[in-house]
Amino acid sequence: MIIQDVINHLETLAPQAYAEDFDNTGLLVGNSQAKLTGILVTLDTLETVVDEAIENNCNLIVSFHPIIFKGLKKLTGKTYVERTVLKAIQNNISIYAIHTALDNAKLGVNNIICEQLGLNNRKTLIPQLQTIKKLTTYAPISEAEALRQVLFNAGAGNIGNYSECSFNVEGTGTYKGNEDSNPTKGKKLEQHQEPESQISVTFAKHAESKVLKALFENHSYEEVAYEVVTLENTNQNIGIGMIGELEKPLSENDFLRLLKAKMNTESVRHTKLLEKPISKVAVLGGSGSFAISAAKRAGADIFVTSDLKYHDFFQAENNIVLADIGHYESEQFTKNFLVTYLTKKITNFAVVLSKTNTNPVKYF
């Protein structure tokens, strides 16, 4: 097995196509074609984590946060980032960061928080825009069924709980090949009319290259007529944040106690309590101030996130309770989830959970 095999599993779970534009995800250090010896999973990649990988004979570190974020102009070892990257390179250790690709995944960071809090009826808080595309193409009627099937196999035609979805219209296609053409139907320099089926299928953005490859490799025409458009339809499976419901409403104080225990945090900063039961809970792992308005619009009783600044708390406006549990605390269970996921996918290599607590924040 090579490192790319592990990357393929990770990108099935959290395709890089859905990472945020500002982010730096994917393979940051190393060679994807190198043979795998073992995998160490961590929330952050630090020098001590690289030491841990060396000790456990792991030549791939799967990290939630990227160690290289803003780009490096020098590698002199003056900063913790440079020292970490240098040590990884010197020891032939690759580093892969999943970050906002997993933030936006259906089973990612926010679903993990929902699991911890026991939330039901979960929905994406802020669906990512322009993640659904539509392919329209044309094929001889006699070949349409076979072409539809290869498009379905490539990932097209999935809508919610349904698969193999398409729309088809029969009509007549016309074309006339020039001297250099080699038509599979009709003759060059002669206009040809062919009974055709127009096939329309939708697909997720990350599957575009696979769907088009299937189209080109399986269509009989020398020149394939097709159109790809991006749809504005809402995709509830891709996006950041999540909202769900408690099995039974809790008082605000009882929910805050539950939150503190389940998220293993020493401190919860929150806005004024509104003396209303908590039933609907919005969550967003990591820095989530930008989603306060979305949580209010969704009717959440409380919004659980981190990195709220002083003025962010005023946005509650007595309509919602805002709860800041800490950045590390909101994402800490991600590495356990990734270990479980990779262990199920890769049974013949060690998948090691890092023992290093990388939280830089301490409480007195």
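Accessible areas here come from the Shrake-Rupley method with a 1.4 Å probe, and for residues only the protein chains shown count as cover. On that basis the protein exposes about 19000 Å², of which carbon and sulfur atoms supply 48%. The model is a predicted one, in which local features need pLDDT of at least 70 and side-chain atom pairs count only at pLDDT 80 or more, while totals for chains, interfaces and linings use all residues. Residues are numbered from 1 along each chain as its sequence is written, and side-chain values use heavy atoms, with hydrogens and water left out.

**Overall make-up**

- The secondary structure comes to 11 helices and 15 strands, where helices (H or I, at least four residues) and strands (E, at least two) are DSSP runs numbered from the N terminus.
- Along its principal axes, the C-alpha trace of the protein spans about 85 × 55 × 40 Å.
- Buried residues make up 48% of the 364 residues in the protein; buried means under 20% relative accessible area, exposed means over 50%, and partly exposed lies in between (1.4 Å probe, protein chains only).
- Among contacts between residues at least 6 apart in sequence, 71% join residues at least 24 apart, a contact being defined by heavy atoms within 4.5 Å.

**The sheet of 6 strands**

- An open sheet with mixed pairing is formed by 6 strands in the order β5-β10-β12-β13-β14-β11, two strands being taken as paired if DSSP finds at least two bridges between them.
- Its edge strands, each of which pairs on one side only, are β5 (120-127) and β11 (269-270).
- Within this sheet, β12 (residues 278-287) and β13 (residues 302-306) pair in the parallel sense over 4 bridges, and V281 stands opposite I302 in β13.
- Helix α5 (residues 109-117) packs on the sheet, where it touches β5, β10 (239-250) and β12, and its direction makes about 140 degrees with that of β12; axes are lines fitted to C-alpha atoms, for helices over the stretch in contact, and angles run from 0 to 180 degrees between N-to-C directions.
- Helix α8 (residues 252-262) also packs on the sheet, touching β10, β11, β12, β13 and β14 (321-324), with its direction at about 125 degrees to that of β10.
- Helix α5 is mostly covered, since 7 of its 9 residues are buried, and the buried residues are V109, N110, N111, I112, I113, C114 and L117.
- After α5 comes G118, whose phi is positive, near 70 degrees.

**The sheet of 5 strands**

- Another open sheet, also with mixed pairing, has 5 strands in the order β1-β4-β3-β2-β15.
- The edge strands of this sheet are β1 (26-29) and β15 (351-353), each pairing on one side only, and the twist averages 25 degrees from one strand to the next.
- Strands β2 (residues 39-42) and β3 (residues 60-63) pair in the parallel sense over 4 bridges, with L60 in β3 as the bridge partner of I39.
- Helix α2 (residues 47-55) packs on the sheet, touching β2, β3 and β15, and its direction makes about 155 degrees with that of β2.
- Helix α1 (residues 3-13) lies across β1, β2, β3 and β4 (94-97), running at about 10 degrees to β4.

- Not counting residues up to four places away in sequence, E190 touches Y175, K176 and G177.
- L75 is placed in the loop between β3 and α3 (80-90), and is likewise partly exposed, with a relative accessible area of 40%.
- The C-alpha atoms of E190 and L75 are separated by 64 Å, the two residues being 115 apart along the chain.

- H99, although not a glycine, has a positive phi of about 25 degrees; H99 is placed in helix α4 (residues 99-103) and counts as buried at 11% relative accessibility.
- E164 is a residue other than glycine with a positive phi, near 55 degrees; E164 lies in the loop between α6 (141-153) and β7 and is partly exposed, with a relative accessible area of 47%.
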